[in-house]
Amino acid sequence: MSEQTAQEGTSQQGRRVVVVGAGMAGVQTAVALREQGFKGAVTVLGAEPHQPYDRPPLSKAVLLGKAEDSAFDVDFETLGVELRLGCEVLGLRPAAHELDTEAGPVPYDVLVLATGAEPITLPGTEGVPGVHLLRTLDDAERLRPVLARQHDVVVVGAGWIGAEFATAAREAGCAVTVVEAADRPLAGALPPEVAAPMAGWYTDAGAELRTHARVDHIEPGAVVLADGTRLPAGAVVVGIGARPATAWLAGSGIALGPHGDVLADAHLRTSVEDVYAVGDCASFPSARYGERLLVHHWDNALQGPRTVAANILGETPAAYDPVPYFWSEQFGRFVQYAGHHAAADRMVWRGAPTGPSWSVCWLRENRLVALLAVGRPRDLAQGRRLIEAGRTMDPEAMSDPARPLKDATATP
C-alpha cells in the first residue's frame with residue numbers, strides 16, 4: 001500500500017456520510033459507497049418506520065395483495081450502514097455541519113440529500129374520507145381493502161400513476177372512472193399525437209376516461225366536476241403529480257429551482273459545500289440535452305448514487321449525464337421510454353399506434369434523442385444504446401418496424 005493510499009484510507013475512516021432519505025436513491029448511495037470502498041461511517045435517515053422499500057411494486061403487486069411489501073434486499077448490518085428509521089429531518093445548518101431531527105441534532109462531514117418527491121394534493125381534500133394518494137407503503141395498505149371490496153373508484157389524473165392504479169383497480173374488479181383536466185392522458189409527458197391513441201386503452205380495459213374534466217370539489221361518496229356532474233365514488237385516488245420533498249431545506253442556503261428541486265451541478269453537488277443531492281429531489285444540468293433535467297423516475301434514483309459515491313471518494317469529479325429511462329405497465333401493455341424529446345425536430349413512427357406494439361422515435365438533426373416503445377422492448381434496448389452513442393440515423397429506414405433500429409443508422 002502506498003503512503004498516499006494509506007493516508008486517504010485514514011482520512012476516509014474518520015469521515016461521516018449522512019444520507020437523508022431511505023428510498024431507492026438513499027439506499028443505493030449507501031450501497032455504492034461501500035461497493036466503491038468507502039471506509040468511514042455511513043448513516044441513512046428514513047422518515048418512515050418501515051424497512052426501506054422499492055416504490056414501483058406499490059401500484060402493482062403490493063396494491064393487489066400479491067406481495068406484502070417490497071423491502072430492498074440489502075443487509076445494512078453487514079454493509080456497516082447505520083439505519084435510523086422513523087427519523088424525520090426538520091432542518092439543515094451547513095455552517096455547523098449538522099442536521100436537525102426530531103431525535104436531536106445529527107452531525108455530518110458529507111451530506112447526501114435523497115428525500116425524493118411527495119405527491120401533490122388536491123386543494124380542499126384534506127380530511128375528506130375516502131380520498132387517497134399512492135406514494136408510500138402505508139398508502140398502498142390503505143387502498144388494498146378498497147380494491148378488495150370492489151368499490152366504485154374515481155381516479156383524478158390520467159398520468160403514469162393514474163393509469164397504473166386504474167389498471168390494478170380494473171384487475172381487482174372495481175368500476176373505474178378516470179378524470180383528467182387536459183384533453184388527453186399523459187398530457188404533461190407526451191405530445192398529443194402520441195398520447196391520444198392511449199385514450200382507447202382505458203375503454204378497452206373497461207375503465208371510463210373523462211377528459212376536459214376539472215374537479216370542483218370532493219365530498220364523501222362523490223366527486224363533483226366543474227360542470228356540475230356528480231360521480232359516485234366509494235374511493236378517490238389522486239394522481240396529479242409530485243414535487244421534490246425539499247420544504248425542510250428552507251433557510252439552509254441550499255439553492256432550489258422553480259419546482260422546489262435542489263439545483264445540483266453536473267457532479268450532483270449542491271450550492272453548499274459538502275452537500276450532494278440525488279434522485280427525485282434534485283435537478284442536474286445535462287450536457288447531452290443542453291438543459292437542466294428533473295427526472296422523477298426509478299432508474300435515475302438507481303444510477304445517480306454511483307456518481308455521488310464516486311465524487312465523495314474520488315479525486316477526479318465524475319459527471320452525471322444519463323439517458324433518462326422509465327417504464328410503466330398499464331392496461332396489459334409494457335410501455336418504456338428513454339431519452340428526452342423536448343428539443344427534437346422530427347418524429348418517426350415504427351408501427352401503427354392502433355396496433356398492440358409500436359414505437360415512436362424523436363430525432364434532432366437526425367440523431368436519436370428519445371424513444372417510446374409500447375410492447376417493443378428490443379426497440380427500447382437498441383434505441384437507448386443509439387442515444388448514448390449519439391448515432392446519426394436514417395429516418396426512412398427507421399420507419400420500417402420490421403427492421404432492427406441498430407440497422408437503421410445513417411451511412412457515414
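The second largest pocket is lined by T121, L122, T125, E126, G127, V128, V131, H132, L133, D139, R142 and V238. A pocket here is an open set of points on a 1 Å grid over the protein atoms alone, with protein on both sides within 12 Å along at least five of seven lines, and lining residues have an atom within 4 Å of a point. The model is predicted, with local features requiring pLDDT of at least 70 and side-chain atom pairs pLDDT 80 or more, whereas totals for chains, interfaces and linings use all residues. Residues are numbered from 1 along each chain as its sequence is written, and side-chain values use heavy atoms, without hydrogens and water.

The space in this pocket amounts to about 230 Å³, the volume being that filled by probe spheres set on the grid points. Strand 9 (131-132) and helix 4 (137-148) each contribute at least two lining residues; both are DSSP runs numbered from the N terminus (helices H or I, at least four residues; strands E, at least two). Five nonpolar, four polar and three charged residues make up the lining, with Gly counted as polar.

The loop between strand 9 and helix 4 contains L134, which is buried (under 20% relative accessible area, 1.4 Å probe, protein chains only) at 11% relative accessibility. Beyond residues up to four places away in sequence, L134 touches L58, S59, L63, D139, A140, L143, I161 and F165 (heavy atoms within 4.5 Å).

No disulfides (cysteine sulfur atoms within 2.5 Å) were found in the whole structure. The sulfur of C281 lies 17 Å from the closest cysteine sulfur, in C87, too far for a bond. C281 is buried at 0% relative accessibility, and C174 is buried with a relative accessible area of 0%.

Notes: On a 1 Å grid over the protein atoms alone, a cavity is a set of points where a 1.4 Å probe fits but cannot get out, and a pocket is an open set with protein on both sides within 12 Å along at least five of seven lines; lining residues have an atom within 4 Å of a point. Buried means under 20% relative accessible area, exposed over 50%, partly exposed in between (1.4 Å probe, protein chains only).
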